[in-house]
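This report describes chain contacts and aromatic side chains in the entry shown below.

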Amino acid sequence: MLVRDCMTRHPILISPNWSASEAERLMSENRIRHLPVVEDGKRLVGLITRQRLSMKPEMLGSLNVWEISRYLADLKVKQIMIKRKSLVTVEEDRSVERAASLMSENRIGCLPVVDDDDAVVGVVTEVDISRAFQEMLGLPVDGLRITVRMPNRPGEFAKLTRVIADRGWGVMGIGTFPSRRNPGFFDAVLKIPNVTEEEVRAELSKIEEQKVIDVRSIV
Amino acid sequence: MARFLLRSIISTFVTVLLVSIALFFLLEVGSGDITVKILGVFSTEEQRASYRAQLGLDAPPWQRYADWLIGNDWRAASYTGFPLVTEDNLQTGEAEWWADVNGELARWTMEDGELFMLTRQPDGSSNQEPAAADVWQIGENGEELFWGVDTKGNAVKWVRGAGEPVWVLTKAGLRQEGDGPRQYIPLRKGLVRLDPGKSLQTSRPVAVTLFPRVRNTLILAGVAFLVVMPLALLLGIIAGINEGKWIDRVISITSLGATATPEFVTGVFLILVFGIWLKWLPAVSVFLSSDAIFQDPKLIALPVLTLTAVELGYVARMTRASMVEVMDSAYIRTAIIKGMPYSRVVLRHAVRNALMAPITIIMLHVNWLIGGVVVVEVLFGFPGLGKYIYDAAIFGDFNAVEAAAMLTVTIAIATRLVGDLAYTFLNPRIRYA
Amino acid sequence: MSTIAERKSPTEGIRRPDEMPVLRVDDLSVAYKVRDGEVEAVQDVSFEIYRGESFGVVGESGCGKSTVAWSIVNFLGANGYVKRGRILFQGQGLVGKDPEELRRLRGDQIAMVYQDPMQALNPSMRLGDQMAEVLTVHRGISRSEADKRCVQMLERVYMPDPKDVMGRYPHQISGGQQQRVVIAMALLNNPALLIMDEPTTALDVTVEAAVLDLIDELRHEFDTAILFISHNLGVVARVCNRVGVMYAGEMVERAPVTEIFANPSHPYTQGLIRCVPKLGADKSSSVLYPIRGRVPAPDKRPSGCGFSPRCDYIEERCRAEKPKLRPLGDALLADLHSVRCHFAEEIDPGAWTPPEDMEIPLLNGEKRAAETAAAETILQLDGLSKFYPVSGSSLKDMLGVGEKRQVKAVNGVSFDVPKGSTLGIVGESGCGKSTLIRTIIGLEESSGGQAQFLGVDITDDLADRSSEIIEELQMVFQNPDSTMNPSYTVGQQIGRPLRRFNKVNSRAEEQAEVIRLLNAVRLDGSYYDRLPRQLSGGEKQRVGIARALASRPELVLCDEPVSALDVSVQAAVLNLLMEVQAEYGTTMLFIAHDLSVVRFFSDSVAVMYLGQVMEIGPAEAIYAPPYHPYTEALLSAVPIPDPSAKQAHIRLEGNVPSPLNPPGGCPFHTRCPRRNLLPDNGAICAQEVPPWQQAAEGHRIFCHIPLETLAEFEPVIQQ
Amino acid sequence: MSVVSSTANLRTNRPSRLQSWWSGVSIVFESRIATVGLAMVAFWFIVGIVSLFWTPYPPNANEFTQNLSPNSINILGTDHLGRDILSRLMTGTQVILLKTRLPGDAGIDIPGGVALWGVFFSLLVGAVLGLNAGYRGGWWDQSIMQVLDAMIAFPSIVLYLVIIAALGQGDLVVIVAIAVTGAPGVARLVRSLTLDIKTRDYIRAAETRGESVNFILFKEILPNARGPILVDAMLRVGYAIFAIGTLGFLGIGLPPPDPDWGNMVNEARRTIFVNQWAVVWPAVAIATLVIGLNLFADGLREELTRFQK
């Protein structure tokens with residue numbers, strides 16, 4: 001899965017000349033936390049986040065009520081946005097895990113996705129990453145969620161797929177995780193529709209050295 | 001595109017040919033006896049007949065047309081037996097006809113029944129000596145004939161011992177002379193070789209008098225054209241993109257007023273304002289020398305202004321209409337919806353298409369400009385082509401009218417061709433058809 | 001993971017609960033100022049479009065579909081303005097937005113494609129210049145870089161030879177290619193919203209199918225929100241997820257596409273679906289029900305429900321109170337299916353019966369078929385051809401020494417038409433179907449072959465035909481706006497052929513006969529003194545039919561008589577033609593590009609391609625295997641107004657070859673998708689003229705592929 | 001709603017000729033421009049008609065002091081021969097708009113001014129040529145257009161001068177000159193209209209009825225071209241008046257004794273240093289009449305295109 005497959009395309013964009021209050025309104029109306037700031041042609045010049053919009057007390061301390069409201073009305077997006085040069089971005093043909101690592105390394109919640117012209121083609125947010133994760137494990141589809149624990153060596157996964165193939169089952173989602181408390185083992189999570197728990201357990205328990213550790217129909 | 005161009009060129013030639021036929025027959029055949037005008041109403045029929053013969057008007061119309069168009073020196077040469085050539089007179093600078101007799105340029109004259117040969121000397125003078133007796137040839141009826149060139153530029157047939165009485169128009173009036181030739185062929189090279197013949201009014205070659213007039217007119221019309229075109233196109237475009245707004249109204253109504261007012265009315269008003277009330281500009285264009293136009297450019301200010309007023313309105317209206325149409329078109333809509341800035345929409349997308357229609361019409365409109373030139377020149381006494389045609393037409397000097405009219409028609413057709421070319425260039429649908 | 005079964009794309013499966021629509025139109029009303037007051041062209045229209053979704057707006061002409069589109073890009077002309085309501089694009093209000101900001105959005109985040117690509121492209125600019133400026137202006141990148149992007153995008157829309165196309169002018173490429181350029185241009189900046197206003201209406205059916213495929217593909221790839229406007233239910237069914245039906249400036253019904261076709265709830269939607277023929281339906285087994293009346297002009301709309309004057313279920317409340325667009329049915333679907341009708345729940349389209357005064361032809365199919373079979377042949381063509389000489393553009397050609405070239409518009413067409421039957425002729429533009437009937441009627445002199453009508457030779461042109469033959473051959477024309485002379489009244493125009501062919505002896509008799517003819521086409525005598533500009537399109541077409549019938553012709557040639565009409569009127573005119581045929585026993589030749597209409601209306605059908613007949617036979621035989629590969633391609637391209645129907649996906653490649661030098665052998669071999677069924681990839685097709693294979697009685701196929709193979713093709717459409 | 005009853009056999013709402021005529025005329029008043037233009041033209045028609053019966057003084061009587069400025073006796077002043085300018089101006093309308101003097105000593109006048117007859121003949125000739133060229137196409141078109149091209153190639157004033165040089169002065173010569181210079185333009189217009197109209201289906205319908213070419217030209221095509229032709233005719237009357245004025249100014253227009261506006265300008269400009277009024281009035285007269293016709297034509301054209309939409 002690449003960034004282009006999980007990003008949100010056509011994000012809402014704003015212009016640097018907008019007032020901060022308009023940006024604020026747009027964010028709250030659309031329930032979003034990030035707004036890429038672009039010039040004509042969707043060229044990225046910055047990013048506005050909810051945090052950026054919240055007031056810094058030390059700035060306001062010296063102002064009276066009238067001055068505050070004037071200050072707020074005059075405040076432009078370009079004054080408060082994160083500037084392009086300090087923004088972390090990603091290209092749409094990078095892998096989704098690379099995007100995820102960029103986000104976690106930089107401790108940010110949003111990556112603008114840009115093309116060769118530095119034009120915004122989408123954004124990747126924490127929500128997008130978590131949605132990719134859900135889809136990977138087959139969340140949108142009804143079926144049984146099965147967790148199989150297997151030793152970490154070549155050929156183990158093939159055993160599992162052989163059984164599935166023999167039975168003619170369809171796999172709607174799959175993911176493998178190193179088993180945290182059992183070094184040397186992997187947990188494979190499968191989503192299989194139109195099967196009953198009994199037949200799954202019966203079939204999969206025949207596989208040597210593998211163990212069905214969890215079967216559930218409701219996630 | 002080659003096809004389109006070739007068509008225009010062929011069509012242009014046919015058009016010129018048709019025009020020449022129409023013009024010639026309308027004027028020379030349609031109009032009455034020109035000799036009445038030249039010799040006056042009190043001349044006798046005999047005098048007129050003699051004069052007609054001298055002008056070659058007794059020949060059949062088709063032959064006169066051919067002579068007029070392609071000349072008759074080659075025809076006359078077959079009678080004389082000598083090649084006929086022209087040589088400039090060193091004093092007047094006008095071309096004279098000579099026969100090339102074995103390398104010597106010769107003309108003949110008959111005095112008291114005696115034929116003399118004039119041979120041209122290198123200094124321009126001529127040496128007169130009696131002609132050799134053996135030049136006479138025996139004609140069908142046994143008379144002795146000689147075809148030669150006389151001193152007035154005619155190929156003539158003399159009969160020995162039987163000179164015709166001829167009427168000659170001199171400054172003092174009509175005078176009869178004896179010893180005249182039997183037949184005249186007034187030599188000319190023909191229109192296609194740029195010799196439209198002699199003026200009936202002044203007896204000088206038309207080409208000589210026409211040239212300075214054409215030059216003056218070209219300056220007048222050229223200046224007017226240069227003033228009008230950019231201004232009119234600009235105004236038209238401005239009005240067109242502001243359709244319905246006040247600036248459009250002002251331009252449209254002013255243009256309409258200017259176009260609908262005849263040149264002579266505009267001219268008179270301009271004279272009134274600038275010449276009489278404000279006294280800024282001369283009210284008439286009096287040319288004291290042939291170069292007056294260069295010495296005092298103010299002379300053409302009012303004529304140019306008059307022409308401009310009329311043309312400006314017309315071209316601006318055409319451009320406006322075309323611009324309005326283009327701005328309403330789907331591809332302009334596309335350009336706007338593509339988010340092009342307005343200036344780019346107008347300049348890159350609209351103007352080129354909007355100018356296509358007016359350019360052909362503007363080029364056709366050169367006719368109109370020439371018409372305006374006639375009026376303006378008459379009004380201001382400007383010595384140009386228009387006044388020349390006017391004067392010649394009033395007199396009935398058809399050689400002059402034909403020449404001048406052919407010239408205007410040629411200019412008109414040539415500009416139309418240029419318009420076609422410009423259209424082809426601007427319109428890729430034709431260019432790449 | 002080939003084992004993965006059908007899985008919907010994320011946007012169709014789970015829409016994120018917090019997702020905001022790309023475009024949201026709220027209670028939009030658009031008014032145009034006219035000389036006396038103003039007219040509300042669009043009233044209270046609401047809809048929203050999400051990412052990757054295609055929202056279709058359907059309705060007849062004059063319903064305000066395009067006005068909605070123009071109001072989004074704020075291009076309503078000098079006299080139009082948004083009177084009420086909001087248009088939100090990505091959360092920002094577009095109404096009253098600063099013009100400079102709007103300009104930045106247009107072409108960058110909002111793009112538009114509309115009907116006639118030839119008109120939409122600047123005729124005097126190279127295509128490359130027109131495309132590249134979108135990038136150079138909005139993104140400020142260099143021209144050479146922009147050119148590279150343009151070529152990539154042209155490749156993306158499957159434009160052959162994109163580099164070359166960049167240097168061309170619009171008139172140098174075909175209509176389908178122009179539309180590809182326009183679409184590529186719209187997509188260059190990766191817009192969030194793409195507005196398409198009848199993007200395929202001007203295109204041929206196979207080209208249309210390819211463009212629709214492209215639109216669908218691009219929507220999924222770019223996740224663009226599409227507002228798709230069309231009058232054609234079939235097209236909407238193919239490319240849209242959700243549909244809004246517009247009538248008289250209002251949105252009368254809004255629902256997912258499957259829902260709208262399976263469960264139409266507004267009487268207008270029901271009427272629309274009833275009045276288009278299904279592909280495969282014919283006149284003996286099914287009936288078209290027109291909607292009575294016509295779309296009112298924007299300034300003459302009724303005060304209550306806009307549809308009330310044409311509605312079969314009208315109640316007092318409909319006239320008095322304007323219904324609101326309200327959710328229909330249970331709460332679960334509330335968001336999805338809305339309708340603007342007071343009584344939507346009570347109306348059962350299944351129980352609908354045609355009102356008594358509706359014009360429905362009463363035909364007895366079997367009896368007619370029997371009659372036709374026994375009838376004599378009225379028109380017999382044998383190798384009829386029409387070639388036009390063309391002069392080339394080179395100097396050689398002008399001097400007359402170049403090679404003489406001919407456009408083979410009609411090239412050896414043979415068929416017989418029995419008395420009283422209808423032969424439909426289908427084919428795409430340029431296939432020669434119009435030239436064929438022009439040659440038959442004598443507007444063109446034929447260049448070769450035989451043609452006999454009532455046993456008389458008719459290869460000559462009109463000037464050489466006797467009056468008796470002329471009056472037996474009449475024609476019904478395509479364009480209602482030009483079929484009648486605007487200077488004369490209806491009575492004068494129908495009366496003229498009566499006098500011309502000495503059918504009447506006195507003025508009184510003429511008048512009586514004209515009124516009889518008017519009644520025959522379901523118009524009353526009050527139309528006698530009307531001028532064409534006082535008639536609607538359908539009425540004009542009726543008068544055109546009456547005029548053609550005035551001389552009591554044996555054979556009537558119909559040149560696309562309904563293609564310029566709105567669908568509801570189309571049904572009425574088709575019904576009228578059938579009725580007339582039943583009553584007068586007239587034989588008809590019927591040309592149309594719409595395969596469903598031809599199938600519905602004709603007894604037998606001829607399929608033409610490049611001036612030649614590819615297949616001819618009884619209508620039902622043409623629409624099922626065995627058929628000619630070209631017929632198969634045509635059928636698979638027809639947009640079907642039924643999203644549940646499965647249609648084979650066969651697309652033709654390349655352009656129709658020039659009729660100046662049609663390909664040798666089989667004219668279709670250059671594009672034939674079935675050539676590979678023959679040895680050597682169909683080498684024989686390019687070399688030899690195919691044989692006429694007799695598939696059944698009266699069913700002939702012009703193809704090298706053996707009948708048995710043709711018969712094994714899967715049917716194109718399975719419902 | 002029009003639920004058609006097939007039994008109804010009534011012919012109702014037949015508009016009378018007057019009504020349909022009025023509905024045609026009333027579109028003129030829809031346009032402000034056309035109305036203003038019409039008023040200006042009507043003014044001069046009325047002045048002309050009045051002058052047939054009454055003018056303040058005889059137009060050719062030189063009974064006043066020369067070169068008077070406007071005053072209470074001579075409202076517009078007098079010219080260089082002491083003639084009343086108002087009277088001359090009023091009478092000058094006649095030859096342009098109201099009467100044509102036939103040659104000969106009998107002094108017979110026929111109704112209809114020189115400008116109107118000239119335009120009428122140019123329409124007649126132009127329409128016939130244009131219809132034939134446009135509808136028949138091919139060889140007909142080529143040759144007709146070639147001849148017209150030759151005619152158009154003449155600058156119109158040069159053509160006037162040539163015609164007058166050939167035929168002399170006179171009302172009929174001016175009519176001929178206007179007709180000859182105008183016909184090619186009309187023919188081109190009618191040809192282009194014909195090319196458009198002949199593609200319409202109703203022409204196909206007429207052809208498939210086997211109608212004669214003349215029927216198609218004059219009964220099917222011409223009536224549908226009348227709107228633009230009418231507009232063009234208005235403009236042409238304007239040009240004709242323009243041309244008559246110009247010819248009068250050049251001294252080769254309508255012959256005396258009737259006063260001619262162009263000639264009045266020409267004569268008055270010689271005394272322009274003394275008396276400016278004498279040149280202003282006829283100049284204004286020509287300009288207003290021509291502008292009026294142009295406005296009328298413009299307004300009419302706008303309304304017709306709107307009407308057709």
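Is Phe133(A) buried, partly exposed or exposed? Phe133(A) counts as partly exposed, at 39% relative accessibility, where buried means under 20% relative accessible area, exposed over 50% and partly exposed in between (1.4 Å probe, protein chains only).

## Basis

This is a predicted model, in which local features need pLDDT of at least 70 and side-chain atom pairs pLDDT 80 or more, while totals for chains, interfaces and linings use all residues. Residues are numbered from 1 along each chain as written, chains are lettered from A and ligands numbered from 1 in the order written, and side-chain values use heavy atoms, without hydrogens and water.

## Chain contacts

Chains B and D share the most contacts of the 4 pairs of chains in contact; contact means heavy atoms within 4.5 Å. Chains A and B are joined by no contact, and their closest C-alpha atoms lie 10 Å apart. Chains A and D do not touch either, with nearest C-alpha atoms 40 Å apart.

## Aromatic pairs

Over all chains there are 28 aromatic pairs (ring centres of Phe, Tyr and Trp, its six-membered ring, within 6.5 Å; planes under 30 degrees apart stacked, over 60 edge-to-face, the rest tilted). Phe133(A) and Phe177(A) are edge-to-face because their planes stand at 65°, with centres 6.5 Å apart. Phe177(A) is partly exposed at 30%.

In chain B, ring pairs link Phe24(B), Phe25(B), Tyr65(B) and Trp68(B) into a cluster.

## Charges over rings

Lys33(C) lies over the face of Tyr81(C), 4.6 Å from the ring centre, and Arg700(C) over that of Trp692(C), at 4.7 Å. The criterion is NZ of Lys or CZ of Arg within 6 Å of the ring centre and within 35 degrees of the ring normal.
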